[in-house]
Amino acid sequence: MKTSGCTNVTTGRGLNFLSGKAYLIGVSIAKERRGQGLGTLLMQTSLQALQQENIAEVELSVTPENKGAIKVYAGKLGFVAKDTKIDEYGPVENRLVMMLSLDNLT
């Protein structure tokens, strides 16, 4: 999967075709481009491409303080909070783990 004009999109290693599950890693939008719907579009396009590859479930993690990203993931895309990992990336580096089933993605 390649998305032109976007940076920080990790593909290939994040896909586990045997389990039908994908992990999204390192998704970001440049600060000066935020609030323009680009994150939502990037995620919608990525999720549709994953669904076409028969991926049934997508998981990601986000810092709990990133309210903008959580609003997109949960409010616009339907991700649900699954777990909170305390000190995942070191002291006070907590992560909110979110999951989305692609079974009903339109």
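User: In this predicted model, what makes α2 stand out in the lining of the largest pocket?

Analyst: The helix α2 supplies six residues, the largest share of that lining. Lining residues are those with an atom within 4 Å of a pocket point. Other contributors of at least two residues each include α1 (38-52), β3 (57-62) and β5 (95-101).

User: How many residues line the largest pocket, and which lie nearest its centre?

Analyst: The lining holds 33 residues, and Val27, Val62, Asn66, Ala69 and Tyr73 lie nearest the centre. The volume of the largest pocket is about 840 Å³.

User: What kinds of residues form this lining?

Analyst: There are 14 nonpolar, 11 polar and eight charged residues.

User: Why is β5 called mostly covered?

Analyst: A residue is buried if its relative accessible area is under 20%. Six of the seven residues of β5 are buried, and therefore the strand is described as mostly covered.

User: How do you know that β3 and β5 pair?

Analyst: Pairing requires at least two bridges between two strands. Six bridges link β3 and β5 in the antiparallel sense, so the two strands pair. As one example, Ser61 has Val97 of β5 as its bridge partner.

User: What makes β4 a partner of β5 as well?

Analyst: Five bridges join β4 (residues 80-85) to β5, and the requirement is at least two, so these strands also pair. They run antiparallel. Ala81 stands opposite Met98 in β5.

Note on methods
Residues are numbered from 1 along each chain as its sequence is written. This is a predicted model: local features need pLDDT of at least 70, side-chain atom pairs count only at pLDDT 80 or more; totals for chains, interfaces and linings use all residues. Side-chain values use heavy atoms; hydrogens and water are left out. On a 1 Å grid over the protein atoms alone, a cavity is a set of points where a 1.4 Å probe fits but cannot get out, and a pocket is an open set with protein on both sides within 12 Å along at least five of seven lines; lining residues have an atom within 4 Å of a point. Grid points are joined across faces, edges and corners, and a volume is the space filled by probe spheres set on the points. Helices (H or I, at least four residues) and strands (E, at least two) are DSSP runs, numbered from the N terminus. Ala, Val, Leu, Ile, Met, Phe, Trp, Tyr, Cys and Pro count as nonpolar, Asp, Glu, Lys and Arg as charged, and the others, Gly among them, as polar. Buried means under 20% relative accessible area, exposed over 50%, partly exposed in between (1.4 Å probe, protein chains only).
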